[in-house]
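We will walk from the pairing of the chains down to single side chains.

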2 protein chains.
Amino acid sequence: MNVTTRLDAADLRQIADPAELRRIIREGGYAGRTGGLALGRVQANLVILPREHADDFLRFCQRNPKPCPLLAVSEPGDPTLPELGEGIDVRSDLPSYNVFRDGELAGEVTDVRDLWCDDFVAFALGCSFSFEEAIMAAGVPLPGNGGVTRIYDTSIDAAPAGPFRGRLVVSMRPFTPANAIRAIQITSRFPGVHGAPIHIGKPEQIGIRDLVEDDYNGAGPIPADQIPLFWACGITPQRALAQARLPLAISHTPGHMLITDRLNASLAVF
Amino acid sequence: MNVTTRLDAADLRQIADPAELRRIIREGGYAGRTGGLALGRVQANLVILPREHADDFLRFCQRNPKPCPLLAVSEPGDPTLPELGEGIDVRSDLPSYNVFRDGELAGEVTDVRDLWCDDFVAFALGCSFSFEEAIMAAGVPLPGNGGVTRIYDTSIDAAPAGPFRGRLVVSMRPFTPANAIRAIQITSRFPGVHGAPIHIGKPEQIGIRDLVEDDYNGAGPIPADQIPLFWACGITPQRALAQARLPLAISHTPGHMLITDRLNASLAVF
């Protein structure tokens with residue numbers, strides 16, 4: 001495939017092979033969102049840090065497994081993640097990266113090879129695409145067809161580790177009561193990608209005052225016959241990363257994930 | 001143990017062996033409730049019917065597995081249930097039986113050997129004691145310490161079979177949001193004893209107008225920080241049995257179950 005020009009998501013949806021998709025992205029052929037691509041494959045959030053802070057971040061993930069479900073950690077200086085796919089290069093295989101300097105977003109780039117250092121460690125974290133796919137595969141309708149998810153800050157403190165700290169961020173999806181029970185059952189099978197919800201109903205108990213006004217995406221009211229389910233969200237480690245104010249850190253740009261070879265279904269624990 | 005006089009529940013709680021408990025009950029030594037006895041063992045609801053109606057009732061259970069989770073069915077005329085315990089005699093091993101004539105409760109007796117016919121079939125159905133034990137074992141507090149459970153009629157029709165029909169009856173237990181999610185996870189492992197709840201929150205959707213005024217036990221308001229979970233209830237087949245207006249049918253008296261040898265934990269499907 002000719003990748004000298006940028007492709008759009010419709011082109012890439014025709015391609016089932018995750019390695020081929022990574023190759024196109026690596027060669028600059030696509031810089032868009034990865035939702036809907038390589039259906040059935042795990043997509044991962046990415047965090048890249050200097051080795052000096054890697055132990056603290058690893059401990060932060062260990063202490064907060066629901067917002068920070070670790071799928072793989074690289075060797076220091078090694079940009080591959082062989083557990084997640086042959087030939088993965090975390091410096092180039094994502095369509096877009098956020099670069100943080102002193103905790104501030106300093107830019108969005110499509111490649112971080114020029115920023116990579118010998119002591120960098122890469123962390124791949126599970127994302128909600130995997131459990132959303134499992135919910136839809138069970139015939140349970142997702143609000144907005146898996147489109148815009150509502151995101152809220154909560155009053156719950158994540159367990160800190162070193163400089164990494166902050167409040168838990170949650171994603172919310174409303175369901176009818178019977179589907180809420182199904183969604184809990186289905187997502188409980190996937191602890192590696194946020195797992196079961198952390199809360200149901202009663203948003204005020206976790207510091208959410210207004211379900212209509214979310215903190216990230218605008219959204220209308222929830223249908224009266226539905227109940228909100230709240231999942232720990234991968235924005236939590238992004239926020240902790242900003243709080244840590246490291247001189248240099250890199251993450252995926254939200255919505256622009258690492259496409260791995262692993263099958264979502266392979267993550268099911270029962 | 002001398003069983004010429006009646007024992008009380010405190011005496012029987014000292015006895016872990018289910019066969020010994022059945023022996024005491026069979027010999028007339030105990031006619032009380034079985035809750036809290038033989039902890040860890042499955043207790044079963046009982047229905048006894050003439051063979052002529054057994055096929056219809058079996059189909060009713062198959063079509064309504066959540067209120068009617070079948071643990072064992074006897075051979076016609078055979079009062080044993082070897083899958084559930086050696087030496088079980090369903091005619092004598094329960095502390096109390098309800099006898100129905102033409103669908104009306106005609107009496108409560110401690111033994112039905114004199115009513116037993118060669119064509120009777122016994123059905124043992126899972127009961128909520130098993131999943132309540134699993135919830136408590138996980139450190140999730142049950143309302144009223146597993147005491148009085150609230151029971152409600154719903155507007156949901158059970159799937160009929162032959163003369164057996166009626167509305168679904170549910171039991172309700174309130175939990176905090178996080179514990180509600182745990183209770184769904186835990187009870188999902190036990191489909192043989194009612195399994196996951198059928199509904200959460202929003203009682204009006206299943207025809208319950210007033211949670212405070214339940215249909216069977218009086219009960220106060222639910223704490224404001226809790227969410228009601230509704231499980232399909234074993235009273236559903238009792239009601240269907242009454243609706244069928246058979247000339248003669250027998251069941252356990254509510255709360256007076258068959259104590260089996262099976263371990264509750266053995267029912268977990270994952």
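Two copies of a chain are related by a rotation about an axis and a shift along it.

A word on the ground rules. This is a predicted model, in which local features need pLDDT of at least 70 and side-chain atom pairs count only at pLDDT 80 or more, while totals for chains, interfaces and linings use all residues. Residues are numbered from 1 along each chain as its sequence is written, chains are lettered from A and ligands numbered from 1 in the order in which they are written, and side-chain values use heavy atoms, with hydrogens and water left out.

Now look at where the chains meet. Contact means heavy atoms within 4.5 Å. By that rule, 20 residues of chain A are in contact with 20 residues of chain B. The size of an interface is often given as the accessible area lost when the parts come together. Buried area is just that loss (1.4 Å probe), summed over both parts. Between chain A and chain B the buried area is about 1500 Å², and carbon and sulfur atoms give 72% of it.

What holds for charged and polar pairs here? A salt bridge is a side-chain nitrogen of Lys or Arg within 4 Å of a carboxyl oxygen of Asp or Glu. Across the interface of chain A and chain B, the rule finds 0 salt bridges. A polar contact is a pair of N or O atoms within 3.5 Å; within protein, one must be able to donate a hydrogen and the other to accept it, and residues adjacent in sequence count only if both atoms are side-chain atoms. Across the interface of chain A and chain B there are 6 residue pairs in polar contact, both residues at pLDDT 80 or more.

Helices (H or I, at least four residues) and strands (E, at least two) are DSSP runs, numbered from the N terminus. Helix H5 (177-188) and strand S8 (199-200) of chain A each supply at least two residues of the side of chain A that touches chain B. H5(A) gives the most, with 7 residues.

Next, move to the salt bridges. Side chains of opposite charge can pair when their charged atoms come close. Over all chains, the count comes to 22 salt bridges. One of them joins Arg167(A) and Asp157(A), with the closest N and O atoms 2.9 Å apart. Arg167(A) lies in strand S7 (residues 167-175) and Asp157(A) in strand S6 (residues 150-157) of chain A, so the pair ties together parts that are 10 residues apart in sequence.

How open are these side chains? Buried means under 20% relative accessible area, exposed over 50%, and partly exposed in between (1.4 Å probe, protein chains only). Arg167(A) is partly exposed at 43%, and Asp157(A) is exposed at 55%.

Compare a pair in chain B. Glu132(B) and Arg173(B) meet in a salt bridge, 2.8 Å from N to O. Glu132(B) sits in helix H4 (residues 128-137) and Arg173(B) in strand S7 (residues 167-175) of chain B, so this pair ties together parts that are 41 residues apart in sequence. Glu132(B) is buried, at 6% relative accessibility. Arg173(B) is buried too, at 2%.

Finally, find Gln43(B) in strand S1 (residues 41-50) of chain B. Is Gln43(B) buried or exposed? At 3% relative accessibility, Gln43(B) counts as buried. A polar contact of 2.6 Å joins its side chain to that of Thr34(B). The side chain of Gln43(B) also reaches the backbone oxygen of Leu37(B), at 3.2 Å.

Note on methods: Buried area = accessible area lost by both parts, 1.4 Å probe.
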